[in-house]
Amino acid sequence: MLDVGDGHLVYWETCGNPGGKPVVVLHGGPGSGCSTGTRRFFDPHAYRIVLFDQRGCGRSLPHASDLRVDLSTNTTAHLLADIERLRDHLGIDQWLVFGGSWGSTLALAYAEQNPSRVSEIIVGGVTMTRRSEIDWLYRGVAPLFPEQWERFCAGIPEADRDGDLVAAHYRLLHSADRDVCVRAAGNWCAWENSIVSVDPNAKPDPRRQEPAFQLAFARIVTHYFQHNAWLADGILLRQAGALAGIPGVMVHGRLDLAAPLITAWELSRAWQDGELVLVATSGHSWDDPGMAETIIAATNRFSAKR
C-alpha cells in the first residue's frame with residue numbers, strides 16, 4: 001500500500017521479471033480496479049509489470065463503496081500525481097504505459113504531461129473522455145439496445161429520463177438512503193455490461209456482480225463523468241503533439257459500440273508515432289475474438305526494447 005496523501009492508500013503490485021522492462025498498467029472504469037488477467041498480456045520473462053488500483057477502488061483505501069467516503073480528492077489530477085509517486089517509489093526512470101478504455105484516457109494524459117518518463121504507449125478501446133463520448137455512452141448508443149436502455153431509464157425518476165442521465169445517476173448515488181444508491185449502482189453496471197461485448201450472451205466479470213464493486217464503480221465513474229474528468233474538452237487530442245517521438249500502438253475493435261472508432265482514428269492522425277491496429281471481430285471487451293492476441297502482439301513488439 002502506498003500512502004499518496006489525502007488519506008488515500010493505493011494498492012500496488014509487481015510481477016514478472018524484476019529486472020525486466022518496466023510497464024505500468026492503468027485500469028479502466030474509472031473505478032474498475034486492476035485485474036489478475038491483465039498480467040497475461042505481458043511476457044513475464046521480459047517485463048516488470050506494475051499494476052495498481054486507482055483511488056477508491058479495488059484494494060485501495062478508503063473504498064468508495066463506503067458512502068461516507070468523500071470523492072473530492074479523487075480526480076484525474078490526483079491519479080496522475082499518484083502514477084508519478086508510484087514510479088518514484090519503485091525507482092523506475094522510464095516505463096511503457098499501458099491502458100484500456102478509461103485507462104487509455106489516463107495513459108494519454110500522463111504521457112502528455114510526462115513524456116520523458118514514457119518509453120512507449122499501448123492503449124486499447126481508446127477513449128479521451130470527451131463530452132461527445134460520454135453523451136454517446138449514456139444516450140447516443142441507446143437505439144441499438146432498446147430493451148437494456150428501457151431498464152436503465154426505469155431506475156431514475158421519470159422527470160429526469162429525457163435529460164442528463166449521468167447527472168441523474170450521480171444524484172441517486174449521492175442519496176442518503178443506501179438502498180437507493182445500491183439500486184442505482186446495479187442499474188448503472190447492468191447498462192455498461194450490456195454494451196461492452198459483441199457477444200450478447202457474454203458473462204460479465206464475476207466481481208462486477210458484487211454490490212461493493214458496483215457501488216464503488218458507479219460512484220467513481222459518475223463522479224468523473226459528471227465533471228468531464230476535469231479535462232478541457234478535446235485537450236488530449238489538441239496536445240497530442242507532446243507524444244512525438246514516443247512509439248505506440250492503439251488496439252481498437254472495429255465493432256466497439258462503447259468507444260466508437262472515431263476517437264482512435266482521430267488520435268492516430270494526430271500522433272504520428274502511434275499505429276492504429278483494428279480488430280475486425282471485436283467490440284470493447286478484451287475477451288472479444290482477436291483482441292487479446294492483438295494486444296499481446298503489441299506488447300511483444302516492445303518487450304526487447306530496453
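# Notebook: a first look at the predicted model

I started with Leu9, which is partly exposed at a relative accessible area of 33%. My cut-offs are under 20% for buried and over 50% for exposed, with partly exposed in between (1.4 Å probe, protein chains only). Leu9 is in strand S2 (residues 8-10). I take helices (H or I, at least four residues) and strands (E, at least two) as DSSP runs, numbered from the N terminus.

I noted that this is a predicted model, in which local features need pLDDT of at least 70, side-chain atom pairs count only at pLDDT 80 or more, and totals for chains, interfaces and linings use all residues. Residues are numbered from 1 along each chain as its sequence is written, and side-chain values use heavy atoms, with hydrogens and water left out.

**Surface patch.** I found Leu9 again in a nonpolar surface patch of about 260 Å², made with Met1 and Leu61. Patch residues have over 30% relative accessible area and no salt bridge; like charges are joined within 9 Å, and nonpolar side chains (Val, Leu, Ile, Met, Phe, Trp, Tyr) within 5 Å. The areas come from the Shrake-Rupley method with a 1.4 Å probe, and for residues only the protein chains shown count as cover.

**Backbone.** Most residues other than glycine have a negative phi, and most peptide bonds are trans. I looked up the exceptions. Leu61 is joined to Pro62 by a cis peptide bond, with omega near -5 degrees. Pro62 is in the loop between S5 and helix H1 (76-90). Pro30 sits in the loop between strand S4 (21-26) and strand S5 (47-52).

I then checked phi. Thr129 has a positive value, near 50 degrees. It lies in the loop between strand S7 (118-124) and helix H3 (131-140), and it is buried at 8%. Ala229 has a positive phi too, near 60 degrees. Its loop runs between helix H7 (211-226) and helix H8 (235-238). Ala229 is buried, at 0%.

**Salt bridges.** Side chains of opposite charge can pair when their charged atoms come close. I count a salt bridge when a side-chain nitrogen of Lys or Arg is within 4 Å of a carboxyl oxygen of Asp or Glu. The count is 16. One of them joins Glu120 and Lys21, with the closest N and O atoms 3.0 Å apart. Glu120 is in strand S7 and Lys21 in strand S4, so this pair ties together parts that are 99 residues apart in sequence. Both residues are buried.

I turned to Arg130 next. Arg130 bridges to Glu266 at 2.8 Å, N to O. That pair links the loop between S7 and H3 with helix H9 (residues 262-270), 136 residues apart. Arg130 is buried at 11%, whereas Glu266 is partly exposed at 24%. Arg130 also bridges to Glu133, with the closest N and O atoms 2.8 Å apart. I logged a network as well: Asp6, Arg55, Asp82 and Arg85 are linked by salt bridges.

**Cysteines.** How many disulfides are there? I found 0, taking a disulfide as a pair of cysteine sulfur atoms within 2.5 Å. The closest cysteine sulfur to that of Cys153 is in Cys189, 16 Å away, so it is too far for a bond. For Cys189, the closest cysteine sulfur is in Cys57, at 12 Å, again too far. Cys153 is buried at 8%, and Cys189 is buried at 0%.
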